[in-house]
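Here are my notes on the helix packing in this one. Have a look at the model first, then read on.

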Amino acid sequence: TIDKELQSAVELAASRYLDAGAVVVLDIDTGKIRAMCSLPEFDQYNVAASLNDDSSPLINRALLNYNVGSVYKLVVAAAALEQGLSPDTMFTCTGSYTVGDKTFHCLGKHGTINMETALEVSCNIYFIQLAKSFSPESILGMSRSAGFERSMYLCAGISSDSGLLPSLNVLNTQPAALANLSFGQGDLMLTPLHMAGFISAIASGGYYREPSLIEGLVDDKGNLCNTSVPQAPAKILSDSTART
């Protein structure tokens, strides 16, 4: 499913702006992976040297788990909207917020803001308070509906890590764990491919499509045959939530 021109453009941009990381581009109408790259690259003509490179160029970072951080705020926001909270819900950020015996910090003192501004400035304190205002089960449910706990099989020998989510019991009994989850930290681990899939669902009006890499097989004459059948999309967000 890789598009040669998109892949070339992605590799060029990544080489300019990333030392280590990954880029994933999905077709929102099909879930097909149009470009995917991982940095640093390895030398195809000297793979042995890459085996001993401390920067681990042979690891495909697009399929590797990370503490995804603030991009997960989109999941929390979507779960809140699905529970009926208004995007105009206001919370106040003074630059820090204490949960139990743990104090969390923000990059700024954003004052009293709504959800749109909180996303724009990536306010940790807003999202801690937002996550406290509805059931954490909704956040986990939203994550599971987007396949976050599954390994994504792309083809023989290529699969993503399975994402890791904290348990509902931990979130219900450890307020600091819920605070960490609200801005993508703590026990949460996801791959760039997982997050691209969720953001693609927002862009496609709420329909989640499992990312795919194989268009089909070709015969000895180069004719495409045995084309893969895409999975039916799952509606994981309402129209209004996706638009918001």
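1. A quick word on terms: buried means under 20% relative accessible area, exposed over 50% and partly exposed in between, with a 1.4 Å probe and protein chains only. Helices are DSSP runs (H or I, at least four residues), numbered from the N terminus.

2. This is a predicted model, with local features needing pLDDT of at least 70 and side-chain atom pairs counting only at pLDDT 80 or more, while totals for chains, interfaces and linings use all residues. Residues are numbered from 1 along each chain, and side-chain values use heavy atoms, leaving out hydrogens and water.

3. Start with helix H5 (residues 124-132): eight of its nine residues are buried, so the rest of the structure largely encloses it. Among the buried ones are Tyr 126, Phe 127 and Gln 129.

4. Next, H3 (residues 73-82) against H9 (residues 192-203): their axes, lines fitted to C-alpha atoms over the stretch in contact, come within 11 Å and cross at roughly 40 degrees. On the H3 side, Leu 74, Val 75 and Ala 78 meet Met 195, Phe 198, Ile 199 and Ile 202 of H9 (contact means heavy atoms within 4.5 Å). The residues of this contact divide into seven nonpolar, no polar and no charged.

5. H3 also packs on H6 (residues 136-145), where the axes come within 9 Å and cross at roughly 115 degrees. Here Val 75, Val 76, Ala 78, Ala 79 and Glu 82 in H3 meet Ser 138, Ile 139, Met 142 and Ser 143 in H6. By class, that contact has six nonpolar, two polar and one charged residues.

Terms used
Helix = DSSP H or I, 4+ residues; strand = E, 2+ residues; numbered from the N terminus. Axes fitted to C-alpha atoms, helices over the stretch in contact; angles between N-to-C directions. Nonpolar A, V, L, I, M, F, W, Y, C, P; charged D, E, K, R; others polar.
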